[in-house]
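Visitor: Could you take me through this structure slowly, feature by feature? I would like to learn how to read each one.

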Amino acid sequence: LEDPATGGMAALRRAALAGGSGSAVQDLLDPDKNTCYGCGPRNTKGLRLKSYWRDDVDSGESKRIRSGDPGCPRMGSCHASFVAAPHMNGGSPEVTYGGIIASIVDCHGVNTARAFLARSQGLVLGERLPSDPPIWCVTKSLKVDYRRPTPVGVPIELTARVTKAENNRVVHVKILVESVDAKGNRKHTATGFVVAVRIKLPRSSKL
């Protein structure tokens, strides 16, 4: 996975988490081993969501996602885009099944937490010595407030920011879900709230 333009995978990782690369968080975290249904690069039958970290947040974006929450604007935000296929409908052919929305909110929230933990510690996500523990999180809490139906077949944009972090272990993330029509008009269809907890993987884990 050498990238001559950036000087190899290590440089690619640094650029990605500084907002200068097109690499997703999921592709920087053992992509050959991650089989998560929602975002695992290795799962060919999954949703394969891609989350992109950016250190800088513009004022308009910050205003949309914060909505009164304290947040950590200096740390940046995490973005994802997803298009629901026709078979992912919720009974009505033009409406995305709510469980799909919950799944991508869950994965995007957890990957936002992982990127945040790395950046807040001055680390580059996915770049570590074999003896260093990986930054791995699980979902403690997931809540989705559905505001209106999310259409099938159009871009679904997710913008996530950390609203609270506890002891470099528990991370609270708020996710704005918007549908984008052919004219570029956005509609706020849902808001997600994820609490992710960093865990220690067992020694036997392949991750």
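**Reading the model**

Guide: Let us begin with a charged pair: K143 and D145 join their side chains in a salt bridge, at 4.0 Å from N to O, where a salt bridge means a side-chain nitrogen of Lys or Arg within 4 Å of a carboxyl oxygen of Asp or Glu. This is a predicted model, in which local features need pLDDT of at least 70 and side-chain atom pairs count only at pLDDT 80 or more, while totals for chains, interfaces and linings use all residues. Residues are numbered from 1 along each chain as its sequence is written, and side-chain values use heavy atoms, leaving out hydrogens and water.

Visitor: How many salt bridges does the structure hold?

Guide: Side chains of opposite charge can pair when their charged atoms come close. The structure holds four salt bridges, including one between E166 and K164, also listed at 4.0 Å from N to O, and one between R186 and E178, whose closest N and O atoms are 2.8 Å apart.

Visitor: Is E178 buried or exposed?

Guide: E178 counts as buried, at 5% relative accessibility, since buried means under 20% relative accessible area, exposed over 50%, and partly exposed in between, with a 1.4 Å probe and protein chains only.

Visitor: What span should helix 3 have, and how far apart are its end C-alpha atoms?

Guide: Helices (H or I, at least four residues) and strands (E, at least two) are DSSP runs, numbered from the N terminus, and the expected span of a helix is 1.5 Å times one less than its number of residues. Helix 3 has 23 residues (residues 98–120) and should therefore span 33 Å, which agrees with the 32 Å between its end C-alpha atoms. Of these 23 residues, 17 are buried, so helix 3 is largely enclosed by the rest of the structure. Just after helix 3, G122 takes a positive phi of about 75°.
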